[in-house]
Amino acid sequence: MNAEQQIIVALDVPDLASAIALVEQLPQVHFWKVGLELFTSSGPAILEVLKSRQKRIFLDLKFHDIPNTVAGACRAAASYGVDLLTIHATAGRDALKAATEAVQIGAAQAGVKPPKLIAISLLTSISSRQLAFDLKIPLELPEYALEMALMAQEMGLDGAVCSPQEVAQLRQTCKDDFLLVCPGVRPTWAEKGDQKRSLTPAQAIQAGANYLVIGRPITAAAEPELAWRRISQELTTVA
Ligand SMILES: O=c1ccn([C@@H]2O[C@H](COP(=O)(O)O)[C@@H](O)[C@H]2O)c(=O)[nH]1
């Protein structure tokens with residue numbers, strides 16, 4: 001896989017027409033992420049649009065519910081033939097287990113390849129302070145993120161979403177084939193916005209990320225294609 005193929009661009013737009021316009025504006029993007037905003041407004045139609053253009057798809061719906069409900073949602077999501085699908089690790093062991101079984105069933109019933117199921121370890125918009133004072137979690141943030149990733153690995157998930165700041169530790173501790181997907185990536189020239197634990201694209205790849213998820217630094221740039229090229233160029237500097 002070349003470096004550009006490790007970039008997943010977040011298609012965080014309000015409607016289908018804006019999504020198609022962005023996909024057409026950035027034909028070089030090979031992997032798109034469909035998240036809560038677009039899927040809630042437009043449903044699965046965007047998935048067909050992306051598939052008809054031979055794009056890879058990360059369906060980032062971040063399921064978080066009781067095991068039975070999560071399993072139903074995972075069966076339905078897996079039937080779309082997407083490449084990656086997310087669930088919150090904090091849904092718990094039983095929900096994670098139910099989800100791993102459900103994606104296999106949903107994909108088999110639809111006759112498609114099952115998605116890689118990826119657990120959110122801790123949202124990249126949460127700081128150490130928020131973890132301790134708002135969420136009342138008594139662990140240090142890196143330890144908490146690692147524990148969530150290890151629980152997901154133990155329950156048979158294919159990978160974890162983590163911030164670039166924890167990815168080196170997870171890479172060292174998790175199995176080699178456990179996928180590490182990093183949002184919260186920010187080139188030096190981009191605004192951080194609500195992301196609290198970022199590193200640059202080159203730093204995140206160097207630290208062991210398999211994929212980078214990048215939205216606004218590209219999609220909200222005055223010239224999205226130029227922003228994409230700058231990031232691709234930055235990744236060519238990584239040995
Ligand atoms: O912990 C998480 C999990 C998912 N995301 C998603 O990634 C993108 C990041 O977009 P930016 O515009 O580059 O901030 C967005 O779709 C989030 O829903 C995340 O940021 N952190």
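The chain has 11 helices and eight strands. Both are DSSP runs numbered from the N terminus: helices are H or I with at least four residues, strands are E with at least two. The radius of gyration is 17 Å, close to the 18 Å that the globule rule gives for 239 residues, so the chain is as compact as a globular protein of that length. That radius is taken over C-alpha atoms, and the rule is 2.2 Å times the number of residues to the power 0.38. Along its principal axes, the C-alpha trace spans about 45 × 40 × 35 Å.

This is a predicted model: local features need pLDDT of at least 70, side-chain atom pairs count only at pLDDT 80 or more, and totals for chains, interfaces and linings use all residues. Residues are numbered from 1 along each chain as its sequence is written, and side-chain values use heavy atoms, with hydrogens and water left out.

Buried residues make up 52% of the 239. Buried means under 20% relative accessible area, exposed over 50%, partly exposed in between (1.4 Å probe, protein chains only). Now take contacts, meaning heavy atoms within 4.5 Å. Among those between residues at least 6 apart in sequence, 68% join residues at least 24 apart.

Begin with N2, in the segment before β1 (7-10). N2 is partly exposed, with a relative accessible area of 44%. Its side chain reaches the backbone nitrogen of E4 at 3.1 Å. This is a polar contact: a pair of N or O atoms within 3.5 Å, where within protein one must be able to donate a hydrogen and the other to accept it, and residues adjacent in sequence count only if both atoms are side-chain atoms. N2 and E140 are 138 residues apart along the chain, and their C-alpha atoms are separated by 35 Å.

Next comes H88, in strand β4 (residues 84-88). Is H88 buried or exposed? At 14% relative accessibility, H88 counts as buried. Beyond residues up to four places away in sequence, H88 touches K62, F63, H64, L96, I120 and L123.

Finish at S121, in the loop between β5 (116-120) and α6 (128-133). S121 is buried, at 3% relative accessibility. Leaving aside neighbours within four places in sequence, S121 contacts Y144, A145, M148, A149, V161 and C162. From S121 back to N2, the C-alpha to C-alpha distance is 26 Å, across 119 residues of sequence.
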